[in-house]
Amino acid sequence: MLDVAAAAYRHLYVHVPFCARRCSYCDFSIAVRRDVPVAEYVTSVGAELAIRGLRHSRPTLDTLYLGGGTPSRLGSDGIGALLDTIREVADLAPGAEVTMEANPEDITVDTVRRWKGHGVTRLSIGVQSFDDRVLQWMHRVHDGAAAETAVHAARDGGIEEFSLDLIFALPQGIERNWEQDVGRALALAPGHVSLYGLTIEDGTPLGRWRERGDVTESPEERYEVEFLHAHRVLSDAGFEHYEVSNFAQPGCRARHNSAYWTGAPYLGVGPSAHGFDGISRAWNLKHYAEWVRALDRGVLPVGGHERLTDENRAAETVYLGLRTSDGLDVTTSEVAVLQSWIRAGWLVEQKTMSHQRVLCTAEGWLRLDALAADLTARRSHS
């Protein structure tokens, strides 16, 4: 159970677990359903919001994010019912960002108009690739042409603010023209692009393929080449590389995700959803059926929680600072010991009259974990 009163939360994440099929790389909490139990799900979300006290505290939200899974699987009426349920216990601030993840096969001009009418202001479109062979290997439902059609439908339906998701660093032996994928994404003129290096997780179809020896993880060299290529091309096109995985045109940064990176408290609702009150983290039961049963009993569906130690908080301060283009405040003595990183081109130093900061370069972000661990260790021993 999180400690901060519900009224203090300005950011709400709602996990919608339903998918048409499981992608080969996916280890998220999903529920594959041909017929989505929309009414049951929306009722359960309402029950969780009530148990968490929102009905009495009525927070005002700056951002609301519907993630998954595939929220667009709820259909336009389901999205409307879900947002109405949230509005029963919370207010949306003027100009609030309301993001919904959607897959291309669910996006039509009519559905976008309906989503917008219900209050959605921003779409995160799960393109992943424009290469049909790659999409089939990933177990995606759409093809490359459908992804492009979906972007045009989003605009024609009235939602201009959208992000495109792409996956890079595919396993050895998977033929893929990464330069072409980045180029096709840019041709659609999105305001935001998110890039994710593929990791092979145990228990996924991809994990089983690795165990059989059918696939081998991408070498670090390929990861680096593709990451830096995207950085160069998107930066040249006017995008700000404002977080290790995210690029935005000026004024188009993802406000909800940015709240995570600043350490702001946020509430998570739905199966497997995480929340953070600034002191502790808590997460819900992972499986959809278990989550529903707990709420039917009137029990908060918490799967676990952890209270951050001073050491945890110090480490997170370093890591979160270094992963964004805002950088991290450092002392003069720390700058002195960071000179080797600066000379290597991994960090850039910024000085003002009042403080000093270091920012990761694109090459530095490739070494983010090591840089953050090293600086955290130095701080713990100082």
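Student: Why is the contact of E334 and R379 called a salt bridge?
Tutor: The side chains of E334 and R379 come to 2.7 Å, N to O. A salt bridge is a side-chain nitrogen of Lys or Arg within 4 Å of a carboxyl oxygen of Asp or Glu, so 2.7 Å meets the cut-off. E334 lies in helix 13 (residues 332-337) and R379 in helix 16 (residues 368-380), so the pair ties together parts that are 45 residues apart in sequence. Helices (H or I, at least four residues) and strands (E, at least two) are DSSP runs, numbered from the N terminus.

Student: What should be kept in mind about the model itself?
Tutor: The model is predicted: local features need pLDDT of at least 70 and side-chain atom pairs pLDDT 80 or more, while totals for chains, interfaces and linings use all residues. Residues are numbered from 1 along each chain as its sequence is written, and side-chain values use heavy atoms, with hydrogens and water left out.

Student: What makes E334 count as buried?
Tutor: Its relative accessibility is 13%. Buried means under 20% relative accessible area, exposed over 50%, and partly exposed in between (1.4 Å probe, protein chains only), so E334 is buried. R379, at 26%, falls in between and is partly exposed.

Student: How do you know that R281 and E316 meet in a salt bridge?
Tutor: The N to O distance for R281 and E316 is 2.8 Å. Strand 13 (residues 280-284) holds R281 and helix 12 (residues 310-322) holds E316, so this pair ties together parts 35 residues apart in sequence. R281 is buried because its relative accessible area is 17%, whereas E316 is partly exposed because its value is 24%.

Student: How many salt bridges are there in the whole structure?
Tutor: A search of the structure finds 20 salt bridges. D131 and R133 form one of them, at 3.2 Å from N to O. D131 is at 13% relative accessible area, and therefore buried. D77, D110 and R114 are linked in a network of salt bridges.

Student: Why are E220, E221, E224 and E363 called a negative surface patch?
Tutor: Asp and Glu count as negative, Lys and Arg as positive, and His and the chain ends are not counted. Patches use residues with over 30% relative accessible area and no salt bridge, joining like charges within 9 Å and nonpolar side chains (Val, Leu, Ile, Met, Phe, Trp, Tyr) within 5 Å. The place of a Glu charge is taken as CD. E220, E221, E224 and E363 form such a patch. E221 lies in helix 9 and, at 57% relative accessibility, is exposed. Helix 9 (residues 220-236) gives the most to the patch, with three residues.

Student: How many aromatic pairs are counted?
Tutor: The count comes to 11 aromatic pairs. The rings of F168 and W178 have centres 5.7 Å apart and planes at 40°. Rings of Phe, Tyr and Trp (its six-membered ring) pair if their centres lie within 6.5 Å; planes under 30 degrees apart are stacked, over 60 edge-to-face, and the rest tilted. F168 and W178 therefore make a tilted pair. This pair links distant parts of the chain, with F168 in strand 7 (residues 162-168) and W178 in helix 7 (residues 178-187), 10 residues apart. F168 is at 1% relative accessibility and counts as buried; W178, also at 1%, counts as buried.

Student: What makes the aromatic pair of F168 and F227 tilted?
Tutor: The planes of F168 and F227 are at 35°, with 6.2 Å centre to centre. F168 lies in strand 7 and F227 in helix 9, so the pair ties together parts 59 residues apart in sequence. F168 and F227 are buried. F18, Y41, Y288 and W291 form one aromatic cluster.

Student: Why does H139 count as partly exposed?
Tutor: H139 has 22% relative accessibility, so it is partly exposed. H139 is in the loop between helix 5 (132-137) and helix 6 (144-157), and has a positive phi of about 70° although it is not a glycine. A169 also has a positive phi, near 60°, and is not glycine. A169 sits in the loop between strand 7 and helix 7, and its relative accessible area of 2% makes it buried.

Terms used
Areas by Shrake-Rupley, 256 points an atom, 1.4 Å probe, with all protein chains shown as cover.
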